[in-house]
Amino acid sequence: MAKKRPQTKAKRPQPTGGADGAIPVVGGREPCPCGSGRRYKACHGRDAAHAVTELVHRPFEGLPGECDWVALRELVPAATVELTLKDGLPEGVPSVTLATVLPMAWPALRRDDGSVLIGLQNDTSSGDISRDLADTLQRALEAEPGTPVQGRRAPADGPRLQELLAAESPFEPVVHSGFEFWVPDAENATPEVSASLERANAAAIPTVRLSGVDAAYWCETPEKNHLRWVMPHPEERLLDALARLHAQGRSSLGEGTRLVGSFRAHGLTVPVWDLPSEVRAEDVEKPAAEFAERLAAALAVEEPLTAEERRARGGLTNRQVTLS
């Protein structure tokens, strides 16, 4: 076996690039401007890369409708939301629309009429979805009409969505049965877009957003239906409350329904219920509203969990899946 070399720590050389100590960005293979003698990518370039790739646990925190942002990112096949920019729309841009998915998996599209569509479910290059989407949005606003916007790594010091979108504007998703919103003039769509539309429609799971509670989405699958409900409460408190209700036999949404577990997604928890195939979205509106009242009461309880409630919590935790 090779002998381990002793570990030593050398003092990092002091920056020589400016009075404020700022390190300019240079090519990764060039000498680092700090004077260390190492290549930039192995020295201060590491810090710059980490600033871009560090995972942001709740990328949509602070945005109106954070729970719906998470749902549209992870759960909903086809939906759109009109976005309001903090500084208003630029000249020549009649609207900005967030969409779950765009044709050809484009990150964004500037339509012929100047309007902008932003895709939410695309892979992003850094650990901050909000910064990546903000970069895509800014480039889409400046793109030539009739052109898509390609993905790229967002600058580490670029703005986030929270800095570009109006904080007081409502976030009101419109769920669609398919992706026809892609093509206002379907007859003149290119063969590539038409084929992409056909594939997307074939894969879309029927989904409905409940109207009586926030961020709850019914969906239909071949064997059974489900309700997936993105909730804003801290995870530990929410799991305690769900366990209390589960132990009391009060966690269902009616006969034949069952709380089966939860997802973790972008810092929020998403409880999931199995529903019989005959239970439609309208059938769970009232039960969901009643459950919301029971949950609010359970969240207010401060006493420690009982043994039965701890067992119920363990079962829920064991059936928890992390999406992101």
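Mentor: We take the ground rules, then the cavities, then the cysteines.
Mentor: This is a predicted model, so local features need pLDDT of at least 70 and side-chain atom pairs pLDDT 80 or more, while totals for chains, interfaces and linings use all residues. Residues are numbered from 1 along each chain as its sequence is written, and side-chain values use heavy atoms, leaving out hydrogens and water.

Trainee: How many cavities of 30 Å³ or more are there in the whole structure?

Mentor: Rolling a probe the size of a water molecule over the atoms shows where empty space is left. A cavity is a set of points, on a 1 Å grid over the protein atoms alone, where a 1.4 Å probe fits but cannot get out; lining residues have an atom within 4 Å of a point. Here the search finds 2 cavities of that size.

Trainee: What lines the largest cavity?

Mentor: Its volume is about 80 Å³, the space filled by probe spheres set on the points. Lining residues include Trp69, Glu82 and Phe171. By class, the lining has 8 nonpolar, 2 polar and 1 charged residues.

Trainee: Which residues line the second largest cavity?

Mentor: Among them are Val76, His176 and Ile205. This cavity has a volume of about 40 Å³, and its lining has 7 nonpolar, 3 polar and no charged residues.

Trainee: How many disulfides does the structure hold?

Mentor: A disulfide is a pair of cysteine sulfur atoms within 2.5 Å. The structure holds 0.

Trainee: Is Cys219 buried or exposed?

Mentor: Buried means under 20% relative accessible area, exposed over 50%, and partly exposed in between, with a 1.4 Å probe and protein chains only. Cys219 is buried because its relative accessible area is 2%. Cys67 also counts as buried, at 13%.

Notes
On a 1 Å grid over the protein atoms alone, a cavity is a set of points where a 1.4 Å probe fits but cannot get out, and a pocket is an open set with protein on both sides within 12 Å along at least five of seven lines; lining residues have an atom within 4 Å of a point. Ala, Val, Leu, Ile, Met, Phe, Trp, Tyr, Cys and Pro count as nonpolar, Asp, Glu, Lys and Arg as charged, and the others, Gly among them, as polar.
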